[in-house]
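Work through the exercises below with the sequence and the model in view. Each task is followed by a solution in steps.

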Amino acid sequence: MTSIGFRSATNDDWPGIWKVFAEVVGAGDTYAYPPDIAEDEARALWLHDGEGRRVTFVALDGSEVVGTAYMKPNAGGPGDHIANAGWMIRPDQAGRGIGRTFAEYVMERAREASFLGMQFNGVVSTNERAIGLWESLGFEIVGTVPDAFRHPEAGLVPIHVMYRAL
């Protein structure tokens with residue numbers, strides 16, 4: 001296995017990020033973005049410029065983007081000390097440990113950016129792999145919103161709000 005590297009994304013990384021984003025979001029089972037989202041809209045949502053505390057990252061296998069993540073303040077003003085983040089790993093790369101290592105990398109960047117905690121606002125309850133990963137990394141489910149996600153196969157399912165101190 002080639003070792004996986006992580007770094008802040010650049011505009012030049014967008015084509016690789018878009019491939020991951022389009023495949024993950026297109027499945028319609030983990031993110032509350034429209035499965036047929038337009039590329040320019042996806043770019044505006046996901047690709048942060050790296051200025052300040054809003055950063056997009058890439059996971060690279062050699063020069064190939066195999067995952068992407070973002071980090072930003074979960075709220076503004078008096079709530080800006082808590083980070084929000086999202087991850088996408090290319091489905092054909094699942095099981096390689098990329099998600100865990102990438103999560104550890106991004107959490108360290110969040111600590112360096114003076115975030116005191118990290119909150120996920122909507123982890124789909126059927127995404128057991130993600131929930132298991134986050135719980136193994138110290139995140140807790142701090143709230144559940146019933147019927148908040150229209151899963152393409154399971155119908156209306158809950159989402160979880162997850163949190164951990166950094």
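**Exercise 1.** What volume does the largest pocket have?

Solution. This is a predicted model, in which local features need pLDDT of at least 70, side-chain atom pairs count only at pLDDT 80 or more, and totals for chains, interfaces and linings use all residues. Residues are numbered from 1 along each chain as its sequence is written, and side-chain values use heavy atoms, with hydrogens and water left out. The volume of the largest pocket is about 1000 Å³. Its lining has 38 residues, with Thr30, Tyr31, Trp87, Asn127 and Ala130 nearest the centre. By type, 22 of the lining residues are nonpolar, 10 polar and six charged.

**Exercise 2.** State whether His48 is buried or exposed, and find its contacts.

Solution. Locate His48 in the loop between helix H2 (39-46) and strand S2 (55-61). Its relative accessibility is 8%, so His48 counts as buried (under 20% relative accessible area; exposed is over 50%, with a 1.4 Å probe and protein chains only). Beyond neighbours within four places in sequence, His48 contacts Arg54, Val55, Thr56, Tyr70 and Lys72 (heavy atoms within 4.5 Å).

**Exercise 3.** Why is S2 described as largely enclosed by the rest of the structure?

Solution. Seven of the seven residues of S2 are buried, so the strand is largely enclosed. Val55, Phe57, Ala59 and Asp61 are on one side, and Thr56, Val58 and Leu60 on the other. In a regular strand, side chains alternate between the two faces of the sheet. Next, S2 pairs antiparallel with strand S1 (residues 4-8) over five bridges, and seven bridges join S2 to the antiparallel strand S3 (residues 64-73).

Conventions. On a 1 Å grid over the protein atoms alone, a cavity is a set of points where a 1.4 Å probe fits but cannot get out, and a pocket is an open set with protein on both sides within 12 Å along at least five of seven lines; lining residues have an atom within 4 Å of a point. Grid points are joined across faces, edges and corners, and a volume is the space filled by probe spheres set on the points. Ala, Val, Leu, Ile, Met, Phe, Trp, Tyr, Cys and Pro count as nonpolar, Asp, Glu, Lys and Arg as charged, and the others, Gly among them, as polar. Helices (H or I, at least four residues) and strands (E, at least two) are DSSP runs, numbered from the N terminus. Two strands pair if DSSP finds at least two bridges between them.
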